[in-house]
Amino acid sequence: MGNPIQRTPTVGKDMMEDVEQFDVMIIGAGVTGLYALYRLRALGLSVRAFEAGGGVGGTWYWNRYPGARFDSESYTYGYSFSEALLQEWDWQEHYAAQPETERYLNYVADKFDLRRDIRFHARVASAVFDEGEDRWQVHLEDGHRARARFLITAVGSLSAYYIPDFEGLDRFTGTWCHTGRWPAEGMDLAGKRVGVIGTGATGVQLITEIANDVGHLTVFQRTANYCAPLRNGPIDPATQRQIKASYPDIFQKCRETAGSFIHQVDPRSAMDVAPDERLEQYERLWAAPGFKKWLANFHDIMVPGKANEDYAAFVRQKIRERVKDPVVAEKLVPKDHLFGSKRLPCESGYYEVYNRDNVLLVDVREAPIERITPTGITTRDAEYALDVLIFATGYDAVTGSLTRIDIHGTGGQTLQEKFAEGPRTYMGIQSAGFPNLFTMPGAGAGNFTRGCEPLVEWVRDCIGSMRAKGLTRIEATPQAEEAWRAHVAEAGATLLRSKANSWFVGANIPGKARFLLGSPDSAPVMRAKRAEVAAQGYAGFRLQ
Ligand code: NA7
């Protein structure tokens with residue numbers, strides 16, 4: 001990424017010319033950025049959002065790959081703040097596909113007249129804090145500059161896409177792309193020899209969707225995942241009416257759960273019920289849509305131990321039953337990580353794909369990819385001729401989208417240097433030495449919009465209260481930050497999602513420090529902690 005400024009820039013008078021001035025700048029016009037713009041503008045502030053894409057939506061703008069869709073129920077994912085919006089918008093499917101979600105976010109942007117404060121095709125290259133003025137100045141890649149008292153990085157937790165450093169990609173003569181940058185005009189896959197690297201939530205959706213259209217599909221799998229049937233379907237008119245009548249109840253239920261999903265965990269232990277009753281529950285939830293089979297199950301399935309292993313065995317059997325060739329089936333059965341330690345991909349016919357004659361599964365743990373050649377991929381054991389290569393290889397999660405921007409705080413320090421050993425923040429909201437910068441962490445492992453709304457409202461209240469008191473600067477104290485980091489390290493170590501090598505802990509990126517990205521606390525606990533901090537006059541922050 002180009003950086004138009006020097007390593008430790010200063011903000012002199014000459015740099016002030018032609019610099020737009022705002023109260024608040026937001027980087028990103030995805031789910032969080034749009035809501036932050038709406039809320040902060042309502043305070044009477046001048047707000048400008050900078051969006052690298054040509055339209056709103058963030059993740060739902062970039063991830064146009066075939067099969068991209070929610071695993072959250074559509075009506076639990078949409079914004080909750082406007083009753084009019086809730087009643088006007090008809091979700092078409094229980095788990096909406098990307099085009100529907102992108103339409104929804106465009107509808108929101110239009111309804112609340114948000115576009116007039118968004119600059120599109122505006123990638124922020126750097127941001128520099130002016131210590132004399134308590135203001136941030138951002139520099140866009142196109143040379144544009146703007147300043148504001150507050151900077152909100154609503155950059156998304158899964159937006160810095162990652163392509164492994166395979167030798168030879170530059171010499172590949174076919175077409176290739178990462179799923180997170182799927183071309184808007186689409187990719188012509190019909191009849192082509194297509195290779196997909198990666199079988200996470202994205203790969204699973206993509207592979208299922210394209211298998212029928214391509215000439216031949218080669219899937220390069222490093223780690224088999226536990227995947228569960230999504231059981232999507234259209235929302236009929238009666239259900240639509242029922243959903244619209246029960247939004248308060250839907251959002252209340254989401255508020256009560258750890259990840260802000262609608263599914264309430266069964267407080268019973270799997271091991272405390274009789275085996276036939278346990279199996280009956282497993283089967284019943286397996287037949288239900290969405291994450292129910294994961295999040296509404298016996299509580300101890302979500303911690304390492306006997307119940308977790310019992311359920312993993314159930315899921316493995318479900319996979320085996322669907323794949324005809326037992327050798328292929330065994331490759332698809334996860335054996336090297338605990339159930340729930342990675343994000344559970346939901347699928348709609350994924351395993352049956354491997355029963356097709358035009359699909360080949362290559363286990364790259366057995367025979368690693370050695371290089372990309374002009375005509376395909378060479379593994380230790382074979383060569384695979386490809387016309388199209390698709391990277392479903394994930395993201396430099398949470399911190400990657402922040403550290404790709406050259407952010408300079410007080411004393412010339414950069415966020416990149418500060419995050420070298422993992423994120424250093426106070427509750428994910430701020431980093432000491434970067435005053436007035438609100439980093440909006442993804443909920444990490446939660447129903448995204450449900451997590452982002454209360455966080456945006458907290459920041460809105462914080463900025464509102466500062467302005468009411470004539471304060472110009474808020475900064476997390478190093479002590480509060482250190483205590484938070486210690487808490488994440490300690491509490492995070494016990495969590496199931498710290499156990500596998502996934503993006504949850506930064507383990508998918510070579511060289512990235514292993515550290516839980518996101519909070520180890522449940523969403524209700526996080527909301528309570530933030531409320532307590534605010535009630536105590538922003539304890540853990542220094543205000544002036
Ligand atoms: P994920 O879940 O990080 O999956 C990335 C996939 O790419 C995963 O199967 C990886 O295997 C694979 N991968 C990554 N690097 C390599 C290399 N070098 N060689 C072979 N395979 C590789 O990303 P997704 O986009 O699927 O999902 C991200 C989130 O988006 C998801 O959690 C949802 O919340 C939405 P690995 O498992 O690391 O062995």
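This is a predicted model: local features need pLDDT of at least 70, side-chain atom pairs count only at pLDDT 80 or more; totals for chains, interfaces and linings use all residues.
We begin with the helices. Two packed helices are described by the angle between their axes and the distance between the axes. Helix α1, residues 31–41, packs against helix α16, residues 448–469, at an angle of about 35 degrees, and their axes lie 9 Å apart. The crossing of α1 and α16 is right-handed. On the α1 side, the contact is formed by Val31, Thr32, Tyr35, Ala36, Arg39 and Leu40. The α16 side brings Phe448, Thr449, Cys452, Glu453, Val456, Glu457, Arg460 and Ile463. Sorted by class, the contact of α1 with α16 has eight nonpolar, two polar and four charged residues.

Helix α16 also packs against helix α18, residues 523–535, and here the angle is about 5 degrees, with the axes 11 Å apart. Because of that angle, α16 counts as roughly parallel to α18. In this contact, α16 uses Pro454, Leu455 and Trp458. They meet Arg527, Arg530, Ala531, Val533 and Ala534 of α18. The contact of α16 with α18 divides into six nonpolar residues, no polar ones and two charged ones.

The next pair is helix α9, residues 275–286, and helix α11, residues 306–322. Their axes come within 12 Å and cross at roughly 55 degrees, which means that α9 is oblique to α11. The crossing of α9 and α11 is right-handed. From α9, the residues in contact are Arg278, Leu279, Tyr282, Glu283 and Trp286. Their partners in α11 are Ala307, Asp310, Tyr311, Phe314, Val315 and Lys318. Seven nonpolar and four charged residues make up the contact of α9 with α11, and no polar residue takes part.

Rolling a probe the size of a water molecule over the atoms shows where empty space is left. How many cavities of 30 Å³ or more does the structure hold? There are two.

The largest cavity has a volume of about 50 Å³. Its lining consists of Tyr75, Gly78, Tyr79, Leu85, Leu86, Trp89, Trp91, Tyr104, Tyr247 and Phe251. Helix α4, residues 83–88, and helix α8 each supply at least two residues of this lining. By class, nine residues in the lining of the largest cavity are nonpolar, one is polar and none is charged.

The second largest cavity has a volume of about 30 Å³. Around it stand Thr199, Gln221, Thr223, Ala224, Asn225, Leu332, Tyr350 and Tyr351. The lining of the second largest cavity has four nonpolar and four polar residues, and no charged ones.

Which helices each supply at least two residues of the lining of the second largest pocket? They are α7, residues 237–245, and α8, residues 247–256. Helix α7 gives the most to this lining, with three residues. By class, the lining of the second largest pocket has six nonpolar, six polar and three charged residues.

Methods: Residues are numbered from 1 along each chain as its sequence is written. Side-chain values use heavy atoms; hydrogens and water are left out. Axes are lines fitted to C-alpha atoms, for helices over the stretch in contact, and angles run from 0 to 180 degrees between N-to-C directions. Helices (H or I, at least four residues) and strands (E, at least two) are DSSP runs, numbered from the N terminus. Angles under 35 degrees count as roughly parallel, over 145 as roughly antiparallel, 65 to 115 as roughly perpendicular and the rest as oblique. A crossing is left-handed if the near helix is turned anticlockwise from the far one by less than a right angle, and right-handed if clockwise. Contact means heavy atoms within 4.5 Å. Ala, Val, Leu, Ile, Met, Phe, Trp, Tyr, Cys and Pro count as nonpolar, Asp, Glu, Lys and Arg as charged, and the others, Gly among them, as polar. On a 1 Å grid over the protein atoms alone, a cavity is a set of points where a 1.4 Å probe fits but cannot get out, and a pocket is an open set with protein on both sides within 12 Å along at least five of seven lines; lining residues have an atom within 4 Å of a point. Grid points are joined across faces, edges and corners, and a volume is the space filled by probe spheres set on the points.
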